[in-house]
Amino acid sequence: MKGGDVSSISPLVSFVLGAAMATVCVLFFMSASPTRRLADISAFNSGNATNDLRLAVADGNGEAAAAAEVTATPAPAPAPVEAPSPWGDLEEVLRRAATKDRTVVMTQINAAWTRPGSLLDLFFESFRTGEGGVARLLDHLVIVTMDPAAYQGCQAVHRHCYFLRTSSGVDYRSEKMFMSKDYLEMMWGRNRFQQTVLELGYNFLFTDVDVMWFRDPFRHISMAADIAISSDVYMGDPYSLRNFPNGGFLFVRSSAKTIDFYRAWQQGRWRFFGKHEQDVFNLIKHDMAAKLDLAIQFLDTTYISGFCQLSKDLNKICTLHANCCVGLGAKLHDLRGVLDVWRNYTAGTTEERRAGKFQWKLPGICIH
């Protein structure tokens, strides 16, 4: 009985012990593996997160570095903006006034000529009472002023004004007597300014303010002329250098030749010291015309006239200059008479005008 019992119990005990050991192993594995597995997952996730974080930080730092690099490179400082000159910029004034072929009409005034009833008023009136659309040329007129008062007076009545500053120390506000030291300084300064306009690439027709404009004079200026100048005395041949010039009405095309001529003209001031620019032009015209192959046209006084050699045909005259006349008062007296006659002429009938009924009032103080 005992031996059978023992033999029957042994398999059971073996089974129980085996099952218990298996259970312990399973429990041990389960108790150990999840921790390890979780640790591994945690380590993996932490590693990925760390890498992602490192990438994110790296990317962020890259953008920051790039931004820092952009920020670190200073933007170029903006060019300083200069305040516009209260007197107007020459190139801007010329650009606004010029025709399509870069031509301007210019005159020059001081305060004495801008007072009410003075030369500037007569000058404007001649354009406005003129014929053939001459008034449209006022759109291309640059008035060069010699003092602040003249500049202010110009701005009150005209669009294109320029204040020409000079370093000569001359007070240009008052009238300058013919051939005085201040007069010569003013004339030579005007000449140098004309050269500057040429150097800037603009053609110009310069007119003294005591020139009355009745018709468009451009149609009498040859396209072949480098320089076209009015005549105190006209001999009949427009290209003869025997004609006597007057610089108070002067057209010049901008070119290397004419700029060289102006340089020689300026040098002539010192070669022929004490003479004004018109006399020096007369002295150098032969040599410089030949040297530079310069075409100089002298304008016919029938059309471009003056008191020196007066055109009496009002049907043909384009401009009339109060030349050969000294003193502001004398010029004003005679030019007022000229405008009176012109107003009567333009009010006349075609038959009256053709018949030559209208003539200048002669003699005047200067006109004869």
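Leaving aside its neighbours within four places in sequence, which residues is W360 in contact with? They are F214, L310, S311, K312, L314, I317, L320, V338, V341 and I367, where contact means heavy atoms within 4.5 Å. This is a predicted model, in which local features need pLDDT of at least 70, side-chain atom pairs count only at pLDDT 80 or more, and totals for chains, interfaces and linings use all residues. Residues are numbered from 1 along each chain as its sequence is written, and side-chain values use heavy atoms, with hydrogens and water left out.

**Nonpolar cores**

- In soluble globular proteins, nonpolar side chains tend to be buried together.
- A nonpolar core is a set of buried Ala, Val, Leu, Ile, Met, Phe, Trp, Tyr and Cys residues joined through side-chain atoms within 4.5 Å.
- Buried means under 20% relative accessible area, exposed means over 50%, and partly exposed lies in between (1.4 Å probe, protein chains only).
- The largest nonpolar core has 53 residues. W213, F214, F307, L320 and W360 have the most contacts inside it.
- At least two residues of this core come from each of β1 (103-109), α3 (119-128), β2 (141-145), α4 (148-157), β3 (161-163), β5 (211-213), β7 (244-252) and α8 (328-347).
- These helices (H or I, at least four residues) and strands (E, at least two) are DSSP runs, numbered from the N terminus.
- α8 gives the largest share of this core, nine residues.
- A second, separate core has 42 residues, including L94, Y234, W265 and M288.

**Helix α3**

- α3 is mostly covered, with seven of its ten residues buried.
- The buried residues are L119, L120, L122, F123, F124, S126 and F127.
- They pack against β1, β2, α4, β4 (203-207), β5 and α8.

**Salt bridges**

- Side chains of opposite charge can pair when their charged atoms come close.
- A salt bridge is a side-chain nitrogen of Lys or Arg within 4 Å of a carboxyl oxygen of Asp or Glu.
- The whole structure holds 16 salt bridges.
- E92 and R96 form one, at 3.5 Å from N to O. Both lie in helix α2 (residues 90-97), four residues apart, about one turn of the helix. E92 is partly exposed at 33%, and R96 is partly exposed at 35%.
- D216 and R136 form another, with the closest N and O atoms 2.9 Å apart. D216 lies in the loop between β5 and β6 (227-233) and R136 in the loop between α3 and β2, so the pair ties together parts 80 residues apart in sequence. D216 is buried at 15%, whereas R136 is partly exposed at 45%.
- R269 and E185 also meet in a salt bridge, at 3.2 Å from N to O. This pair links distant parts of the chain, with R269 in helix α6 (residues 256-271) and E185 in helix α5 (residues 181-199), 84 residues apart. R269 is buried at 15%, whereas E185 is partly exposed at 24%.
- A network of salt bridges links E125, D340, R343 and K361.

**Second largest pocket**

- A pocket is an open set of points on a 1 Å grid over the protein atoms alone, where a 1.4 Å probe fits, with protein on both sides within 12 Å along at least five of seven lines.
- The second largest pocket holds about 200 Å³ of space, a volume being the space filled by probe spheres set on the points.
- It has 13 lining residues, and T99, D101, T103, F218 and F251 are the closest to its centre. Lining residues have an atom within 4 Å of a point.
- The lining divides into six nonpolar, three polar and four charged residues. Ala, Val, Leu, Ile, Met, Phe, Trp, Tyr, Cys and Pro count as nonpolar, Asp, Glu, Lys and Arg as charged, and the others, Gly among them, as polar.
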